[in-house]
Amino acid sequence: MKSAWFSAALAASLVAAGPTAPGAVEAVHKMTKRQTAVSGLVNSVVNSGGKVKAPEGAAPTRVEMEPRTKQVPGAKTVKLRYGPYKVPSMKVVNVFGEGGALWNFADNAAPKPCEDDCAIMGINAGLEYPNGTNANIDTGLWLHHMVLFNIGKGRKDATCGDALVSLPHMIVGSSATGSERLFSSGNERTQAILPNWNENKVGYMLKPTDKFALIVDLMNDNMVDAVVYLTITYDYVQGHPAGWDDMKPIWFDVAQCLTSEWPAPYAQGKYSIPAPIWTANIDGDIVGAAGHLHDGGQAVVLEVDGKVACRSDASYGTSPEFIGKPMHGGPAEHISKMSLCIGDSLPHKKMVKGQKWKLRAEYDYSKNKGDSHAEGKPANVMGIAIMYVRVPFKG
Ligand SMILES: [Cu+2]
C-alpha cells in the first residue's frame, strides 16, 4: 500500500508541476512499467466512488433513438448509458483536496455502438440519473469531463503517439501507440454531428477489433453521494460504406499527454496558457473543431503556422440547467456552450504534414469567475480542443 500511495502522490505532483518538471515524466515512467497499474491506482487510491451496481428500476443502458441525421440513408442514433458511477458527496475530500469528486475514473468495459463494422458520424455526451432524467449543475451534478478512447490494432494517438509517456492512455491501461482519444466532453456537452455540419460521406470507421475505454471525471455539489450514468449518443451507419472517408481525431491540450489539468497560474485577472507546438503528421481536410475550458475561460484559440485557424468561444449560463448555487465564492453561471469551428469559422481547412499547430487557452476572471476549492484555492483549469480531419479510408 505504501508504494501505491507514493505513486499516486508522484502522479499528483506531476499534474501539479506541469509537463516541464525535470525528471518527473521519467520517474513516473519508471514507476509504472506495468501500465495497467495506473488505472488501478487512480481507481482505488484517489477515488472513493466508482462504478456501482445498477439500482433497481434503472432505465435501459442502450436506447435506440429517432435518427438525428435522417439525411443519411440507413442512419441510426443510439444512446448508451455507461456506469452507473457513484460520485461521493462534498464531504468526501480526495488527495488533491477536492470534495465531491470522482477523479479520472477508468472504465475499461465500455460498450461500442456496434460490434461489427460501422461508421460513426456523430457523437455527444451527457449525464443522467438512474431513471433517465438529465443530471446537471441545477441539481449539483457536473459532467466535469469524459474522454473516450479507442484501443485497437493500428490505433495511434495523433498528438501523443510519439511522446515518451502519455498519462491518459495509461489510466485506461493502454498506451498512445495502441489507442487514440476519439472524443471528449465537459459539462458544456458539445455535439459533434458531422452530417449536420454539411460534412458528408465521412465517419470514424469502427472495426470489430476496436475496444472502447473511458475516463470519467464527475463532480457532486451535494452533501449526499450521487449515482449517475454517463451517456454517449452516437449517430452511425452499419458497415464501411463504399466511397466514404475515415475520420482522424486530433487532440490539442495545454497539458498535452498529461491528465489535461493545469494549475491556474493566477487567481484574478486575465491570462493565457499556451500548449506545446504540435507538428502535423497527417494530410487531410479539417471538418471541424471545438474547445473545452473551465469557468473563467473565454476562448480556445488554435493557430496554424502563426495564423488563427479556430476560435472556440465560451458562453455562460445560457439555459437554467447551467446555473447553480455559488460554491466557495465561485460563479453561479457556468460554461454552457463552446462555439464550433466549422464552415466559415474554419478559415484553414487543410491539414498538411509539417504545419506547426498551437493551442492557447484564454482566461479572464474579470469577465467570469473561476472555480475554487473549499479552502479558497483556485481549482485546476483546462485548455483542450478536439479537431476532426477527413482522411482516406485504408480499410
Ligand atoms: Cu475539464
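Strands (E, at least two residues) are DSSP runs numbered from the N terminus, and two of them pair if DSSP finds at least two bridges between them. This is a predicted model, in which local features need pLDDT of at least 70 and side-chain atom pairs count only at pLDDT 80 or more, while totals for chains, interfaces and linings use all residues. Residues are numbered from 1 along each chain as its sequence is written.

**View A. An open, antiparallel sheet of 4 strands.** The strand order is S4-S10-S6-S7, with antiparallel pairing. Strand S4 (101-110) and strand S7 (179-185) each have a single partner strand, so one side of each of these edge strands lacks a neighbour in the sheet. From one strand to the next, the twist averages 20° (axes are lines fitted to C-alpha atoms; angles run from 0 to 180 degrees between N-to-C directions).

**View B. Pairing of strand S6 with strand S10.** Strand S6 (residues 141-151) and strand S10 (residues 211-220) run antiparallel and are joined by 9 bridges. Leu148 stands opposite Leu214 in S10.

**View C. Pairing of S6 with S7.** The antiparallel strands S6 and S7 are joined by 6 bridges. Asn150 stands opposite Glu180 in S7. S7 is mostly covered, with 7 of its 7 residues buried (20 or more other C-beta atoms within 10 Å of a residue's own, C-beta atoms being placed from the backbone).

**View D. Surroundings of Phe252 in the largest nonpolar core.** This core (buried Ala, Val, Leu, Ile, Met, Phe, Trp, Tyr and Cys residues joined through C-beta atoms within 7 Å) has 104 residues, and Phe252 and Ala385 have the most contacts inside it.

How values were computed: A residue is buried if 20 or more other C-beta atoms lie within 10 Å of its own, exposed if 12 or fewer, and partly exposed in between; C-beta atoms are placed from the backbone.
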